[in-house]
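Subject: Structure handover

Hi there,

Here is the structure I promised to pass on to you. Have a look at it first, and my notes follow below.

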Amino acid sequence: MSINLNFGSLLAPPHAEHLWAGVKFTVMLTMSSWLLAVALGVVLATLRSVGHKGLDRVVGAWVSYQQNVPLLAHLFLWYFGISAILPAAAQSWVNANNGELIFASIAIGLCMSAYFCEDVRSGLRSVSHGQQEAARSLGLSFVRSMGYVILPQAIRTAMPPLINHTVILFKNTSLAMALGAAELTYVVREIENQTFRTFEAYMLATAFYLTVSLGLMGLGALAARRMQVPAR
Amino acid sequence: MIRFSKVNKWYGEYHALTDVTEEVKKGEVVVVCGPSGSGKSTLIRTVNRLEEIQQGEITLDGQDIHAKNLDLNHFRTKVGFVFQQFNLFPHMSAIDNVCLAPVKVSGKSKSEAKERGMALLDRVGLAHKASSYPQQLSGGQQQRVAIARALAMEPPVMLFDEPTSALDPEMVGEVLNVMKSLARDGMTMMCVTHEMGFAREVADNVWFMDHGKLVETGKPDAFFANPTSDRAKRFLSDLRSH
Amino acid sequence: MIRFSKVNKWYGEYHALTDVTEEVKKGEVVVVCGPSGSGKSTLIRTVNRLEEIQQGEITLDGQDIHAKNLDLNHFRTKVGFVFQQFNLFPHMSAIDNVCLAPVKVSGKSKSEAKERGMALLDRVGLAHKASSYPQQLSGGQQQRVAIARALAMEPPVMLFDEPTSALDPEMVGEVLNVMKSLARDGMTMMCVTHEMGFAREVADNVWFMDHGKLVETGKPDAFFANPTSDRAKRFLSDLRSH
Amino acid sequence: DQLADVKAKGVLTCAVVSSLEPFAYQDTNTRDVVGYDVDYCKAVAKQLGVKPELKVVSLDARIPELTQNRVDILAAVLGYNPARAEQIAFSKSYFVSNQSVAAKKGVYKQRDDMAGKRIATIKGSSNIPIIQKVIPTAQLVSYDDAPSSFTALVQGKVDGYVLSESLMRRFIARLGDEGNIEVLSPPVGRESWGLGMRKGEPAFVQAVDNALDSIEKSGEAQQIFNKWMGEGTIYKMKRDFKTEKIAG
Amino acid sequence: MGEILSHHLPSLLIGQYPNGPLGGLALTLILSILGLGFAFPLSVALALCRVSPYAILRVPSTVIVYFVRGVPLVLLVFWSYFLVPVLIGQAVSAFTTLLVTLVIYQAAYMSEIVRAGMEALPKGQTEAARSLGLGYGLTMRQVVLPQALYNMLPSLISQFVSTIKETSIGYVISVHELTYSANQVNSSLLTMPLQVFAMLSVIYFIVCFALTQCAVAVDRIVTKRRAGSTITSIESTANDPILQSQ
Ligand SMILES: Nc1ncnc2c1ncn2[C@@H]1O[C@H](COP(=O)(O)OP(=O)(O)OP(=O)(O)O)[C@@H](O)[C@H]1O
Ligand SMILES: Nc1ncnc2c1ncn2[C@@H]1O[C@H](COP(=O)(O)OP(=O)(O)OP(=O)(O)O)[C@@H](O)[C@H]1O
Ligand SMILES: [Mg+2]
Ligand SMILES: [Mg+2]
């Protein structure tokens with residue numbers, strides 16, 4: 001089978017517009033679910049570090065539920081399942097306002113929040129107990145020692161996994177395709193179905209995902225380097 | 001100044017301190033020694049309440065350290081603590097380590113804290129390293145910064161938990177010298193250390209602990225020449241044997 | 001037996017060894033000392049080529065150690081190396097640690113290697129711990145197993161890089177005793193150590209290093225009584241001062 | 001020559017799409033795949049004198065499955081359109097279906113009221129180009145399978161859903177009254193379904209066409225239709241087509 | 001809910017078997033086990049290439065790992081769906097396609113785990129082995145790999161959980177695994193998506209959670225065994241976030 005590459009038709013209307021719309025959707029979905037995941041993740045990590053046994057259990061159960069079920073199942077459950085038990089008014093509002101984006105953001109955001117929560121938590125744990133003791137010995141209160149001593153160090157440690165999970169979140173937005181969400185993978189598959197230009201279509205998508213993923217990894221490494229404390 | 005009365009502490013089942021009763025007078029330097037696991041660290045950590053006690057009482061200038069209603073953060077500014085592992089804040093430069101508490105706890109102005117911090121760094125011989133980060137300093141230098149940091153709140157009492165054990169032999173001297181100068185200036189100090197030379201030179205009293213008990217106390221000359229307890233005899237001979 | 005001629009080594013820009021020229025004779029015990037960072041470890045690590053050199057030559061029995069065509073693995077069986085951090089293989093029992101190289105490198109039979117390994121463990125006083133894993137041994141015991149492991153290939157030369165620095169003071173003696181007995185049996189040894197008692201007792205020569213240079217060499221008695229260089233004087237007084 | 005290969009193997013591998021009652025679906029009780037497409041596959045295999053073998057594929061993987069030699073023939077709700085005809089060869093029609101839009105009852109009067117609305121389709125289905133032509137302003141939302149699309153319609157996630165009328169009626173019947181869904185007229189298109197085969201195998205296509213003719217002639221075609229969509233079923237449909245060459 | 005359960009549970013657990021191909025949870029598990037089984041040796045090889053001193057091994061393996069880490073699994077599935085038949089000149093089933101993809105995907109991620117395990121070993125381990133005269137290969141085989149793999153056991157179990165979750169992607173190419181089966185059940189019920197997908201989540205949860213607990217237990221054992229040994233530089237790894245793919 002010889003491969004005759006021809007990107008021309010894909011990069012001209014109407015496909016070009018579809019691709020662009022898909023890219024925009026993917027970016028939007030990534031950002032909305034990321035914001036949800038990070039915000040919730042930090043809240044959950046804080047709840048877990050308070051040291052209340054019951055609270056810790058509840059958050060722990062939530063985290064392990066999110067982590068032990070595939071994202072695709074979360075997506076189906078939210079889009080077809082949970083949406084069905086919403087009040088009728090809410091349902092029609094969501095349906096009228098890009099429901100695919102909303103439900104996909106929720107499902108992805110909630111699922112990834114579990115990972116972000118654990119990242120922040122392990123960042124906190126990586127700061128040696130001696131740091132907390134030293135800070136408290138100087139008379140700093142718990143809150144102050146967290147703010148000035150523990151968190152600044154924890155974030156440095158948590159940076160690489162947070163970046164890594166951001167990349168995974170970005171890649172996982174492609175699963176929203178199963179909900180009819182018109183993100184990039186969905187669009188590429190449609191175009192592929194219409195034009196049968198399989199290789200070209202997938203190459204474009206792959207290039208996009210690779211560029212963004214590697215870009216995020218690079219930015220993350222850069223940020224980690226800038227945050228790094230000068231060493232010998 | 002610091003008075004222990006019938007202090008008992010348990011870690012779960014384990015009886016870590018048993019009926020410790022003794023006193024550190026103002027301006028006195030006490031060296032605490034004893035075999036590993038004997039409770040030395042536990043004892044001095046109770047003094048700034050890094051460890052809670054279950055029975056007995058510890059007072060500092062008559063104030064009950066383990067009182068429920070103690071303003072802990074304020075109290076701790078009165079006790080400087082120096083750790084074996086230095087525990088400098090790695091994301092802050094030396095001077096920032098020193099200034100953190102004066103600025104954030106006592107509410108001093110940055111410039112005032114800095115001026116005083118530089119004086120302290122100078123005192124420990126590290127004014128030229130003020131803007132270095134902990135990782136850029138040798139162990140001995142880190143420990144000296146840690147001492148300056150503890151001094152920044154002008155505590156009347158300083159506690160040292162094996163301040164030289166994590167150091168290369170080369171660097172032990174520089175840290176001990178700073179401690180000696182503190183002692184000479186009349187600072188009240190409790191030091192857990194194996195450095196017997198230091199104890200001989202500056203300690204007013206040596207406390208020997210074993211199995212959570214304060215087995216023997218005495219002037220350094222008497223203690224090193226003629227320990228009364230068998231356990232102390234064995235301990236000293238082990239230390240000397242090589 | 002080991003001859004350094006004009007050895008130079010750089011880490012990037014940093015000149016770690018400068019023109020080191022000296023010799024270790026057969027059966028001689030050399031103690032290398034000097035301040036931290038002076039290049040002691042670097043020097044002895046070049047002898048079994050854990051570090052490469054950029055200039056000069058090191059020979060063992062006339063053989064160029066840094067020759068391009070050297071059979072490195074075979075050569076290394078002729079030099080035993082003992083690390084500060086012991087570096088036992090934690091997933092193997094003591095006897096397996098000792099037998100690994102004889103079986104896998106020299107191709108000895110398991111039973112033969114084991115018999116000889118037990119003899120070596122016996123020599124370091126640990127025959128009864130043969131089937132223990134490193135985690136189950138104290139630091140001193142681990143270091144003695146490490147010595148037995150290095151001896152298993154029957155190397156004519158042994159190198160020690162601060163073998164007692166990572167040990168609790170109580171365990172230093174047992175390791176030094178093993179080293180002393182090796183020295184007495186005529187082993188050629190290079191030891192980086194701060195244990196001056198050991199140096200006095202068994203060293204034939206002391207080498208003093210500073211800033212990557214071999215500053216001074218001499219018989220231990222002469223060196224300790226009358227160091228010629230200023231740097232060595234200061235170093236010795238630092239070591240003694242506490 | 002594929003015909004010879006199939007005969008030599010003694011097996012005809014048919015791709016079917018198993019999420020579409022009554023064409024091919026898994027019987028809940030026996031957990032066998034059964035249906036109209038399945039019966040056609042079996043009938044053609046019998047005519048060719050070989051054993052039928054089913055392979056369940058997804059809608060948008062049908063054509064690649066065929067072109068990459070994973071199956072011999074598609075009996076997979078495959079509507080004819082010119083783009084597809086460039087990829088693969090079609091047999092004579094074995095089913096002709098109206099493609100219709102369904103929507104919530106009482107909201108829209110007729111098909112063209114759907115202009116500008118969100119209409120569900122199935123990924124890779126032949127409805128997509130048709131609806132794009134008939135209602136160009138419609139916004140299409142594609143799901144992976146027919147039930148997902150229908151669920152989306154029932155849940156109001158889309159305003160309409162375009163599908164073969166027979167399939168649509170089945171969904172509506174299954175749901176009963178509570179679903180509140182109706183089929184809008186007129187249909188958006190009428191589509192002939194053929195069995196799909198690889199290009200460049202004229203002998204094989206001819207043999208399959210002959211087989212379909214025999215099935216038609218013997219009345220077996222009518223039987224199969226009645227069994228799955230006739231009076232006795234929830235669809236109550238009449239067979240208003242004959243097996244014939246699909247007009248390009 | 002109870003009724004759906006009793007009626008459709010067999011479909012979810014074993015698919016059409018014995019009347020048709022095996023599917024459902026059984027197929028999910030088979031895919032995961034095979035996936036991990038093939039991915040494991042491949043990942044060790046990749047990791048060895050990644051730390052190899054030879055650029056000719058290091059560069060391609062690094063490219064593979066970064067490629068896999070940068071592209072969504074779905075897209076990789078599509079790629080192998082079309083590329084594998086072209087490359088081997090033979091039709092392959094959707095099952096094989098998915099398996100191949102999972103193996104590549106998991107091998108890339110697991111190689112990072114193995115590499116992290118090797119790099120976390122104190123340098124002294126290699127130096128000690130080399131000082132004894134063990135060559136590169138012997139050092140890897142006798143000293144580095146046994147420790148790295150043992151220390152990373154918890155992460156490797158967690159990776160198995162990831163694999164199970166990743167098989168759900170089979171849905172998009174009609175591999176009859178658990179998610180696909182659930183959609184089949186949903187098709188035939190049509191009106192109970194909440195119940196069906198909740199049940200799907202529960203089944204995944206039970207299986208994955210059990211394994212996660214297993215990883216935690218193994219982690220505890222490993223950490224305990226490691227305590228006091230020379231290897232203290234790595235923290236508990238069962239939940240090491242860098243190393244997990246999903
Ligand atoms: N958090 C804890 N929980 C349980 N037991 C503890 C805890 N901290 C210390 N211990 C135990 O209490 C005893 C005394 O410990 P401590 O650290 O005070 O000894 P030490 O005299 O300082 O010894 P070293 O010279 O090794 O520092 C030891 O047996 C130790 O195992
Ligand atoms: N891998 C390396 N890269 C760069 N510089 C190095 C490296 N290893 C050692 N050095 C530098 O070389 C110098 C000599 O180091 P070396 O470890 O030989 O000193 P040492 O005398 O053994 O000191 P110590 O008593 O602290 O062990 C030091 O300044 C050290 O920072
Ligand atoms: Mg202690
Ligand atoms: Mg050294």
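In this predicted model, chain E and chain A together bury about 3700 Å², and 73% of that area is on carbon and sulfur atoms. Several helices of chain E take part: helix 3 (55-70), helix 4 (73-88), helix 5 (94-120), helix 8 (153-166), helix 9 (178-189) and helix 10 (193-226) each give at least two residues to the side that touches chain A. Helix 10 of chain E has the largest share of that side, with eleven residues. By residue type, the side of chain E that touches chain A is made up of 29 nonpolar, nine polar and two charged residues.

In terms of residue numbers, the contact draws 40 residues from chain E and 44 residues from chain A. You will find zero salt bridges between chain E and chain A, but there are eleven residue pairs in polar contact, both residues at pLDDT 80 or more.

Now to chain A and its annotation. An unreviewed UniProt entry lists residues 20-47, 68-89, 101-117 and 201-224 of chain A under "transmembrane region". Residues 20-47 of chain A are 100% helix and 0% strand, with the end C-alpha atoms 40 Å apart. Residues 201-224 of chain A are likewise 100% helix and 0% strand, and there the end C-alpha atoms lie 35 Å apart.

Enjoy exploring the model, and do write back with any questions.

Best wishes

Key: Residues are numbered from 1 along each chain as its sequence is written. Chains are lettered from A and ligands numbered from 1 in the order in which they are written. This is a predicted model: local features need pLDDT of at least 70, side-chain atom pairs count only at pLDDT 80 or more; totals for chains, interfaces and linings use all residues. Side-chain values use heavy atoms; hydrogens and water are left out. Contact means heavy atoms within 4.5 Å. Buried area is the accessible area (1.4 Å probe) that two parts lose on being put together, summed over both. A salt bridge is a side-chain nitrogen of Lys or Arg within 4 Å of a carboxyl oxygen of Asp or Glu. A polar contact is a pair of N or O atoms within 3.5 Å; within protein, one must be able to donate a hydrogen and the other to accept it, and residues adjacent in sequence count only if both atoms are side-chain atoms. Helices (H or I, at least four residues) and strands (E, at least two) are DSSP runs, numbered from the N terminus. Ala, Val, Leu, Ile, Met, Phe, Trp, Tyr, Cys and Pro count as nonpolar, Asp, Glu, Lys and Arg as charged, and the others, Gly among them, as polar. UniProt positions are given in the numbering used here, feature names are shortened, and annotations may be inferred rather than shown by experiment.
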